[in-house]
Amino acid sequence: MGTEKIIFYIFAFIVVFGATMVISVRNPVKAALYLVLTFFASAAIWLLLEAEFLAIVLVLVYVGAVMVLFVFVVMMLDINVARLKEGFIRYLPLGIGVAVLMAVMMIMVVGPEYFGLDKIAAPERHGADYNNIREIGGILYTVYVYPFEIAAVILLVAIVAAIVLTLRRRPNTRQQRPEEQIAVKRGERVRMVKMSAEERK
Amino acid sequence: MIEWIQSVFSILPEALQTLVVILLKIVAIVLPLMLCVAYLTYAERKIIGAMQVRLGPTRVGPRGLLQPIADAVKLMFKEIVIPAGANKLLFIIAPILSIGPALAAWAVIPFDVELVLADINAGLLYVLAVTSIGVYGVIIAGWASNSKYALLGTMRAAAQIVSYEIAMGFALVGVLMASGSLNLGEIVAAQSGSFFHWFWLPLLPLFFIYFISAVAETNRAPFDVAEGESELVAGFHVEYSGMVFAVFFLAEYANMILVSGLAVIMFLGGWLSPFQGLPQAVFSIPLLGAVLDNGIHWFLIKISVFLFLFLWFRATFPRYRYDQIMRLGWKVFIPVTIVWLLLLGVAVLAGLPPWFDAV
Amino acid sequence: MINFQLPDFSPALPEMFLLGMTCIVLIVDLFLNDRTRLVTYFLAQVALLGTLMITLNTVSLDVQTTFSGVFIRDPMSDVLKIAVYTAAFVTFLYAKDYLRDRGILKGEFYVLGLFGVLGMMVLISAHNFLTVYLGLELLSLSMYAMVALQRDSAVASEAAMKYFILGAIASGMLLYGMSIIYGITGSLDLSEMAAQISTQKSHILMAFGLVFMIVGIAFKLGAVPFHMWLPDVYHGAPTAVTLYIASAPKIAAFAMLMRLLIDGLYGMHEQWQGILIILAVLSMGVGNILAIAQTNIKRMLAYSTISHVGFLILGALTGTQNGFAASMFYTLSYVLMALGGFGMIILMSRKGFEADKLEDYKGLNQRSPWYALMMLILMFSMAGVPPFLGFWAKLAVLEEVVAAGHVWLAIVGVIFSIIGAFYYIRVVKLMYFDKADVSEPLSSSLDMRLMISLNSLAVLFLGIFPSGMLNMCLLSVPG
């Protein structure tokens, strides 16, 4: 248990540190990269819980795909941080109020009195041959098949929506049409002109 | 001497012992890998030279054999120039993020039946996840350099890698369906039988798509628009010099070897011998039998074939245009993989022999 | 391996049919051009009719759950689903000409509309937090995209952004509340949750979760103070989309209220009643008073929607079976009236003229006495003038509120209704007593004119004979 605890605290610290940096650094690209760090460390914590499938998928989907596109977009935007900071002082009291309220509530909801090994039994340890990918697949396609299918439909709607909102023929853009370029005839481009030789001046 | 080491080792606490063993294993993988990378660059220059009727390197050492070493030494002593206005920390981190995943993925690659560093049951997913991180090296390098060429290269690379990862992932799903396991060792084991039992045959379109996507993922010709010398000078690593440039270089070649290795494991039966299925008597012939039998040498030979393909592509194909790359990835590869996955599902359900009748 | 029995698919047959048909519409639409686009429309209508037939054929009075208890089919779900199909059918019919004239008749309108209907069906049949949330998201996502469908319109894009961002925050609130309640009860299943709540002492944290969930529901319904999006979205979206948003989704939102607060958290009736009273009074007040100040009829109807939502909540907060039935009756009546109201705007409009100002209705009686009469029926019904449907709906709700002992609430409701009557009757005054600026008669296709007339006459007819619909609501609401 000893090493596991140390590893947990190391990664938990990285998660909290990364999350804090995400909202406090000035540079949006750096903020996005700290978010990547946070995801990575949370994946490690999931590994400690023997949820290797979720851990790897978190890295694969969030770090490997979602955040790449996110960083991609953030890099192209030139975000004016100074303008974002306008009104910071004015809204600070309200912000602090909400934050304190949330903190109090979080402490009440997930406070220490609800947790501990005496309240919730430690999860069963499985052997090395235990395959939780198989388990998740099993339950996802049987017990939760209906929500799973609905989630798939939601993704389909998202695809349809994204395409209908972005795909459009813009009449002003100029595109290369290779088939027309290849089919072009000499007569269309070159005009042979016959003229008599002129005298040099 | 050996006894002394053993006695020191046994004094260590158990956790530390495991750590030492793992570290030694890592060294045992990484050192030969780095050597391979070095001589891959030599092979590249020689092979492309031969294809273009040139000689390639000849001066350093016999037949130019010491050329990679000389290059490495040269790069090590060059100054690392950090451009003005660059983000220093990220500028240095970028090459590390590039090579880290390329090496980390080797942890789950099985070289032979029991010869693997970490035999985890989600090996395929792990490889996919780890290699997907590599793109951060390219992105951060381009952004931190504070250079327009680097940034343009980065934009191209990021879009390209993300696009091809989808096709690659689908191809891997096909392998997963065919073998019924995510463990790379079991995937190889599922292909045993003969040359025609390997998955290249039932998954032929996926095999091609995987390998072409792999070329695109590693930013190699003809998909090297991210570097595109004639357009972007050198793309994302234009501002890098000396050892940091060398690290990018190492990462690219290590990735080439990695994706070749994965292609071998998933489609060409890893360490399995193509002569499997011959009568037992053949394998009992001394020496020749051992060569013909399954073993790590087959794995290495198959990888070399793929690496040769990489070099061959570079020597022969002109660079793809950017929009054509995107079209190929999204409009050709992804639909083909989806259709093939459907067919594959039917085949697996029907237990099509000789591949899917075991389960 | 998990010991698994194949679930009974038959209760979910309408959903499965609709999903299949929607995918067919999506694919068929790819091969159509703008001239043959009407095929998509007909296919979409066939999909709705087919789903209706299947639902009617398999209707039963028993309560069935399937898919490991995440899906429920009871009489209430059947009635609400049939109402949803009808509303969507009428919406598609009204929308067709409007979209064609403005060059946004795309297959995606119908595909997204059908997916939205599917989302509503999932929400209506939800018996688990997961399905409630997924159904809601399916519905909302379709609606966000539909609002933005007219890409070149800045108002529509702004409306879509506002809707999307506020909607995402509301979904987040709902999820947060759900996760707190899940943490305490340890179950996502609504009936299991109800059992847990009835046995254990009420927990302070449950109240926290409840508040967040009600915020989510109130947002989707458009109750004050979570109504900010509603006027902007109704105003900014193309009228055909406004018609869609204003009608069928309200039925689904009512179903969500019923499923979460009655099926799941009925044990906390005392806690949620107080919150709902505030929401109801504020909605009726703000909706009716701000509607007076509007000059745009779409905005006016948006504020009127808010006030109707107040009434709807009023019925539900009684916590009695009759109260829920009255609330359901109110929802169905409102949807019928909203269809007619926004349908009239579409009828009046033509290319380049949206007919969304109040003054556009001046002297309608001279131009077309018949449609002026239809509009009169709709406006009187919304105002709650007897003998139209809206009157009985208001009466049913107020009766139940008084029966539950909240006399003062009923009085507040009546006062706000009288205030609200002002702006409905103003429309009538404009139509009958002002002179028209233009004199040309209305022009629109035959099916549109027929359906509008049918719609308004239904309001009149059901107003004269309200008992059938009321009884149906009473019978179908779970006890």
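**View 1. Chain A splits into domain 1 and domain 2.** Domain 1 of chain A runs over 1-122 and domain 2 over 131-169; these bounds come from an automatic or database domain assignment. Between the C-alpha centres of the two domains of chain A there are 25 Å. We're looking at a predicted model here, where local features need pLDDT of at least 70, side-chain atom pairs count only at pLDDT 80 or more, and totals for chains, interfaces and linings use all residues. Residues are numbered from 1 along each chain as its sequence is written, while chains are lettered from A and ligands numbered from 1 in the order in which they are written.

**View 2. Here chain C meets chain A.** Chain C puts in 31 residues and chain A 20 residues (contact: C-beta atoms, placed from the backbone, within 7 Å). On the chain C side, α4 (107-124), α5 (129-147), α6 (154-185) and α8 (204-221) each give two or more residues. Helices are DSSP runs of H or I, at least four residues, and strands are runs of E, at least two, numbered from the N terminus. The largest share, nine residues, belongs to α5(C). By type, this side of chain C has 22 nonpolar residues (Ala, Val, Leu, Ile, Met, Phe, Trp, Tyr, Cys and Pro), four charged (Asp, Glu, Lys and Arg) and five polar (the others, Gly among them).

**View 3. Chain C carries 20 helices and two strands.** Of the 479 residues of chain C, 56% are buried, meaning 20 or more other C-beta atoms, placed from the backbone, within 10 Å of their own.

Methods. Two residues are in contact if their C-beta atoms, placed from the backbone, lie within 7 Å. A residue is buried if 20 or more other C-beta atoms lie within 10 Å of its own, exposed if 12 or fewer, and partly exposed in between; C-beta atoms are placed from the backbone.
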